[in-house]
Amino acid sequence: MTQLCLLLLLALGPAAIPRARGACPVPADLKQADGTRTCAKLYDKSDPYYENCCKGAELALQPGADLPYLPSDWANTASSLVVGQRCELTVWSLPGKAGKTRKFSAGSYPRLEEYRKGILGDWSNAISGVYCK
């Protein structure tokens, strides 16, 4: 019986271990207390260890949110994000929807350092404008 449990645990891998995906919420869980959907959440903390990502201050974006200029305390601050189901988040590297752009589909993105922005840059601490649909 013990060998069967060990084999099952190895086969299921991270799915069988709680929080193995890190601290980021599942896209289906992006809802407010009253049950309305949240399109995306930006977080100001990330870490080389996934379980420490999606922490710190958060900025919740409702469906249809169009912010060509992020609030001053959020410009170039986001280092991880989660996009809700049936949503798409478009980000820009410069204020006023200028500069480099990227679209993030539904999912968790715990380390924006892993997503390239051109040849030498990445998207961590580089988001200045957003549109969520």
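Which strand is Tyr 109 found in? I looked it up in this predicted model: Tyr 109 is found in strand β5, which covers residues 98–109.

**Entry: Tyr 109**

I checked burial next, and Tyr 109 counts as buried, with a relative accessible area of 11%. Leaving out residues up to four places away in sequence, I found Tyr 109 touching Ser 80, Leu 81, Val 83, Phe 104 and Tyr 115. A polar atom of the Tyr 109 side chain lies 2.9 Å from the backbone oxygen of Ser 105. I also noted a C-alpha separation of 9.7 Å between Tyr 109 and Leu 42, 67 residues apart along the chain.

**Entry: Thr 90**

I moved on to Thr 90, which has its place in strand β4, residues 80–94. Buried or exposed? Thr 90 counts as buried, because its relative accessibility is 8% and the cut-off for buried is under 20%. Again skipping residues up to four places away in sequence, I listed what Thr 90 touches: Thr 101, Arg 102, Lys 103, Gly 129, Val 130 and Tyr 131.

**Entry: disulfides**

How many disulfides does the count come to? I get two.

I took the pair Cys 24 and Cys 54 to begin with: a disulfide joins them, S to S 1.9 Å. The link of Cys 24 and Cys 54 is right-handed, with 75 degrees about the S-S bond. Cys 24 sits in the loop between α1 (2–12) and β1 (40–45), and Cys 54 in the loop between β1 and β2 (55–61), so the pair ties together parts that are 30 residues apart in sequence. I find both Cys 24 and Cys 54 buried.

Then I looked at Cys 39, which a disulfide joins to Cys 132, S to S 1.9 Å. I read -85 degrees about the S-S bond for Cys 39 and Cys 132, a left-handed link. This pair links distant parts of the chain, 93 residues apart: Cys 39 is in the loop between α1 and β1, and Cys 132 in strand β8, residues 129–132. Cys 39 and Cys 132 are both buried.

Counting bonded cysteines along the chain, I wrote down the pattern as 1-3, 2-4.

Cys 53 is in no disulfide; I found its nearest cysteine sulfur, that of Cys 24, 5.9 Å away. Cys 53 is buried, with a relative accessible area of 0%.

How values were computed: Residues numbered from 1 in each chain as written. Predicted model: local features only at pLDDT ≥ 70, side-chain atom pairs only at ≥ 80, totals over all residues. Heavy atoms only, no water. Helix = DSSP H or I, 4+ residues; strand = E, 2+ residues; numbered from the N terminus. Buried < 20%, exposed > 50% of the residue type's maximum accessible area, 1.4 Å probe, protein only. Contact = heavy atoms within 4.5 Å. Polar contact = N/O pair within 3.5 Å; in protein donor to acceptor, adjacent residues only side chain to side chain. Disulfide = S-S within 2.5 Å.
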